[in-house]
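Keep the structure open as you read.

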Amino acid sequence: MQFCEIALHRLHNSRLTGDSFAQPEDVVKWSGAIQSQEYAGAKWSLGMRMKQAVDADIEKAFNDGRILRTHVMRPTWHFVPPEDIRWMQALTAPRVKAINATMDRQLELDDAILGRSSEVIAKALQGGKHLTRSELGEVLAQAGIEAQGMRLGYIIHRAELEAIICSGPRKGKQFTYALIEERAPQAKTLDMDEALVTLILRYFTSHGPATVKDFVWWSGLTVAMTKAGLELVGSKLMKEEIEGKTYWYAPSTVSNIKPPSMAYLLQDYDEFTLSYADRSASIDASIVQLWTLHERIFTSPIVFDGKVIGAWRRTFKKDTVTIQSKFFWPLTSEQQTAFEDAAERYGKFIGMKVAI
């Protein structure tokens, strides 16, 4: 494999090309987790990897609890499979707690306060109740616990890390929290070695070829843990030296990849571009400064044949979405057609007319 082929393999293994999935939960399971702090964009990330999906399909899966949303790994918001949420938190939460320790001290949150807060939250959610962040803040205040602003955020975050709460169905446009034991009764526990191997296999199968450093960035785990996990994985993954770096990938994902001649309007946090420490396979160093010069108002990447060629943003008016774009060089006629097709796919997903 040559370096210039890495992006095409990642495009294929992330399922932006090749076989697509029938259900949102299948996409999340394949990837291991899908970054989702920008909720609307995250739904589009799932939709691009499905057969003729529309936004309402993802929304229903989320409200039904077939995919969950929680703070996990680095940490940030991710979609995760319900059956995996417990072992994933158990594996990655110790690292996150260490990261949060400084803010916990500044906010005067010790283990006693955080533990009591989690108990109050759990009691308030019992019986299938779903409460918003502000409603949880009111419940904590009634229990005599100061919980506003960042302090409330870190209290809720700790309850997520302890695998007590996760996302519930939305109330209108507001997000709610639910008890994991009620929302995901099928959630499994794994021993640490099995959990580590499972996460490593999910990542390098769906994101490979990738390096140890890439996995460390994505998962928030240490280099030592990653190397130990790769030893346990054994022959289930292959490794290859490419331009002085070791890349890992699943044997089953290796094929003769041909450029699909398709463009993709990715969200800011799509796994294809964001989930690597080294993104040079898809984002050429020469465009980084150009991207910055566009004042970062165009932050969502446009990808063609695995390479970022520009950026886009959207604005809504009645039944029309207007897609504005900035390209880093003049497009060929093939790229222009591919961009227009990608815009139409996005319009169909959200059920709106498209203006370019």
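## Cysteines

Cys166 is buried, because its relative accessibility is 0%; buried means under 20% relative accessible area, exposed over 50%, and partly exposed in between, using a 1.4 Å probe on protein chains only. Cys4, at 47%, counts as partly exposed. The structure holds zero disulfides, a disulfide being a pair of cysteine sulfur atoms within 2.5 Å.

This is a predicted model, where local features need pLDDT of at least 70 and side-chain atom pairs count only at pLDDT 80 or more, while totals for chains, interfaces and linings use all residues. Residues are numbered from 1 along each chain as its sequence is written, and side-chain values use heavy atoms, leaving out hydrogens and water.

## Salt bridges

The whole structure has 17 salt bridges, each a side-chain nitrogen of Lys or Arg within 4 Å of a carboxyl oxygen of Asp or Glu. In one of them, Asp84 meets Arg202 at 2.9 Å, N to O. Asp84 sits in the loop between strand E3 (76–80) and helix H5 (85–106) and Arg202 in helix H10 (residues 192–207), so the pair ties together parts 118 residues apart in sequence. Helices (H or I, at least four residues) and strands (E, at least two) are DSSP runs, numbered from the N terminus. Asp84 is buried at 0% relative accessibility, and Arg202 is buried at 15%.

## A linked group

Glu25, Lys60, Asp64 and Arg66 form a network of salt bridges. Within it, Lys60 and Asp64 meet at 2.6 Å, N to O. These two are four residues apart in helix H4 (residues 55–64), so about one helical turn separates them.
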